[in-house]
Structures are given as C-alpha cells and as structure tokens.
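This report describes a protein model in terms of its salt bridges, fold, surface and confidence.

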Amino acid sequence: MAAASSGCSSGGSASPIPSTAGVTESDGPAPELLDDPLIDDAEVKKMKEYFSHLFKYSNQLVARSKEKSKQLKSTATISVEEHARVVKELNEKNAAEIRKLQETKNKALKEQRDAHDKLEKKLKDSDHQMVDSMKRIKSLSAEL
C-alpha cells in the first residue's frame, strides 16, 4: 500500500504531483541545480540573446506572411464588374488587332488578284496576237 500512495502525503495538504528534478513546490530549486557548470551567466546571456533573435525572427516571419496573405487576398478578390470590364477591354483590343490583320491580308490578296488578272489579260492578248500572226502567215503563204 505504501508504494501506491508514494508522492502523496497522507494529510492532503501537499500537491498530488510528485516533485521532479530536485525542485519542490515550497523549497525552490534544489541545491545541485544552482551550481550547474553548464549553465553559467555567460551561457544564460547567450541563450537569452538566441531566444530574443528567434522571437524577433518569428515575429518578422509572421508579419511578412500576413502581408503576403493580404496582398494575395486583394488580388484574388476583384469584383465581377471589374472582371467583365477587363475581359471586354481585352476583347476590343484583340478585335481591333484582328481587324488590322484581316485588312492587311485582304489588301495583299487584292494586289495578288490584280497582278494575276493583268497577267491573264496579257496572256490572252498574246494568244490573240499569235493567232492573228498565224492567220497572216497562212494568208501570205497562200498568196505566194
């Protein structure tokens, strides 16, 4: 029975939690921890500096994260009207560019058709001249 109630006093005035690492509730730190050679004043100062830097860095990281989140939210939340306006602008701009390209293409095609028609006319004229020349040769050879 004594093993089952170890750590608890029979009067119930002390804490039911057993003391650990030589620290008790009423006594403060145990004497063996006060003169620990690994934790001297210089080490404590270094640890305080490290924790201070870590705390500052963590706060800066949180602030940057909040700022990035705020920026992302502001870009992600555009109104439907704004979206429609931008789409309309882009469509108008693209339509104007497409019209210019079509006009340029149509102009080039017209120039090619005109050049083709001129060449066709020259070919027909030369065919008529050749036929006329052959008839003339035939008539001249018939006269001889």
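## Salt bridges and overall architecture

Across the whole structure, a search finds four salt bridges, a salt bridge being a side-chain nitrogen of Lys or Arg within 4 Å of a carboxyl oxygen of Asp or Glu. The model is predicted, so local features need pLDDT of at least 70 and side-chain atom pairs count only at pLDDT 80 or more, whereas totals for chains, interfaces and linings use all residues. Residues are numbered from 1 along each chain as its sequence is written, and side-chain values use heavy atoms, with hydrogens and water left out.

The protein contains three helices and zero strands, and its elements run α-α-α from the N terminus on. Helices (H or I, at least four residues) and strands (E, at least two) are DSSP runs, numbered from the N terminus.

| Pair | Closest N and O atoms | Helix and spacing |
|---|---|---|
| Glu43 and Lys46 | 4.0 Å | α2, three residues apart |
| Arg85 and Glu82 | 2.5 Å | α3, three residues apart |
| Asp114 and Lys110 | 3.4 Å | α3, four residues apart |

Side chains of opposite charge can pair when their charged atoms come close. In helix α2, the spacing of Glu43 and Lys46 amounts to about one turn of the helix. Glu43 is partly exposed at 33% relative accessibility, and Lys46 is also partly exposed, at 41%. Here buried means under 20% relative accessible area, exposed over 50%, and partly exposed in between (1.4 Å probe, protein chains only).

In helix α3, which spans residues 80–143, Arg85 and Glu82 are likewise separated by about one helical turn. Arg85 has a relative accessibility of 39% and counts as partly exposed; Glu82, at 32%, is partly exposed as well. Further along helix α3, Asp114 and Lys110 are about one turn of the helix apart, and Asp114 is partly exposed at 35% relative accessibility. Salt bridges with shared partners also join Glu82, Arg85 and Glu89 into one network.

## Surface

Of the 144 residues in the protein, 1% are buried. The accessible surface comes to about 13,800 Å², and carbon and sulfur atoms account for 60% of this area. Accessible areas come from the Shrake-Rupley method with a 1.4 Å probe; for residues, only the protein chains shown count as cover.

A nonpolar surface patch is formed by Met47, Phe51 and Leu54, which together have about 320 Å² of accessible area. Patches consist of residues with over 30% relative accessible area and no salt bridge, like charges being joined within 9 Å and nonpolar side chains (Val, Leu, Ile, Met, Phe, Trp, Tyr) within 5 Å. Leu54 lies in helix α2, which covers residues 41–76.

## Confidence

The mean pLDDT (the predictor's confidence in each residue, from 0 to 100) is 79 for the protein, and 73% of the residues reach 70 or more. Confidence is lowest in helix α1 (residues 31–34), with a mean of 65, and highest in α3, at 91. Over residues 1–19 the pLDDT is below 50, and this stretch has seven contacts in the model beyond near neighbours in sequence, where contact means heavy atoms within 4.5 Å.
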